[in-house]
Amino acid sequence: MISFTVTAVVFGVVFLAELPDKTALAGLVLGTRYRASYVFAGVAAAFALHVALAVAAGSVLTLLPQQIVHALTGVLFLGGAAVLLLKKDEDEEEIRRPENQSFWKVAGAGFMLILVAEFGDLTQIMTANLAARYDDPLSVGLGAVLALWAVAGLGIVGGKALMKRVPLRLITKVAALLMLGLGVWSLWEAVAG
């Protein structure tokens, strides 16, 4: 049986913790370049897997080596920045065409980015702790996954709305610089931690 109270508490806590996180930025970046529904499918699947792992593992996730997670995340963000900066300019209408990218390629990219970037993240650890505290894995899992999907959806929709008002070239350069910054920051955390 699902507890609405536990689900609501977990949703609020996870939503607020995830909103300023790098995931919203990743969703925004992917949302400007690819079909939103494809991006959301991959991101949503990755978040569902993260929540399942967090709920199943409970507080054990707090013991994962954070330096490895930060280093891998940093490398992925730097790679993403390089791809954006080195990619030749494309016609914006070409990018908007759904047939430009296959569902599996776009959903797979979103899935892998979130899978690695969010592994051992604060919200995953928080979800594990909440699952241990409430001893209600279904309610905690539901609240956490709905919160993460809401943040991802806001990022992806924000990316699509932004593309209608700002030139793609500018969005790409800013996104690449932000990803570069996140990559450097993650690598610094790996070395300093």
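How many nonpolar, polar and charged residues are in the lining of the largest cavity? By class, there are three nonpolar, four polar and one charged. This is a predicted model, and a search of the whole structure finds one cavity of 30 Å³ or more. Its volume is about 50 Å³.

**The cavity.** Eight names make up the lining: Phe-47, His-50, Val-51, Glu-118, Thr-123, Gln-124, Thr-127 and Leu-148. Two helices, helix 3 (36–57) and helix 7 (122–134), each give the lining at least two residues.

**The core.** The largest nonpolar core holds 29 residues. Val-10, Val-14, Val-39 and Val-140 have the most contacts inside it. Helices 1, 2, 3, 6, 7 and 8 each supply at least two residues of this core. Helix 8 (137–165) gives the largest share, eight residues.

Take Val-140. Beyond its neighbours within four places in sequence, Val-140 touches Val-6, Val-10, Val-55, Thr-127, Leu-130, Ala-131 and Tyr-134. One of these, Thr-127, also lines the largest cavity.

**Confidence.** The protein chain has an average pLDDT of 76, and 74% of the residues score at least 70.

Over residues 90–98, pLDDT stays under 50. For that stretch the model has 15 contacts beyond four places in sequence. Where pLDDT is low, predicted coordinates should not be read in detail.

Terms used:
Residues are numbered from 1 along each chain as its sequence is written. This is a predicted model: local features need pLDDT of at least 70, side-chain atom pairs count only at pLDDT 80 or more; totals for chains, interfaces and linings use all residues. Side-chain values use heavy atoms; hydrogens and water are left out. On a 1 Å grid over the protein atoms alone, a cavity is a set of points where a 1.4 Å probe fits but cannot get out, and a pocket is an open set with protein on both sides within 12 Å along at least five of seven lines; lining residues have an atom within 4 Å of a point. Grid points are joined across faces, edges and corners, and a volume is the space filled by probe spheres set on the points. Helices (H or I, at least four residues) and strands (E, at least two) are DSSP runs, numbered from the N terminus. Ala, Val, Leu, Ile, Met, Phe, Trp, Tyr, Cys and Pro count as nonpolar, Asp, Glu, Lys and Arg as charged, and the others, Gly among them, as polar. A nonpolar core is a set of buried Ala, Val, Leu, Ile, Met, Phe, Trp, Tyr and Cys residues joined through side-chain atoms within 4.5 Å. Buried means under 20% relative accessible area, exposed over 50%, partly exposed in between (1.4 Å probe, protein chains only). Contact means heavy atoms within 4.5 Å. pLDDT is the predictor's confidence in each residue, from 0 to 100.
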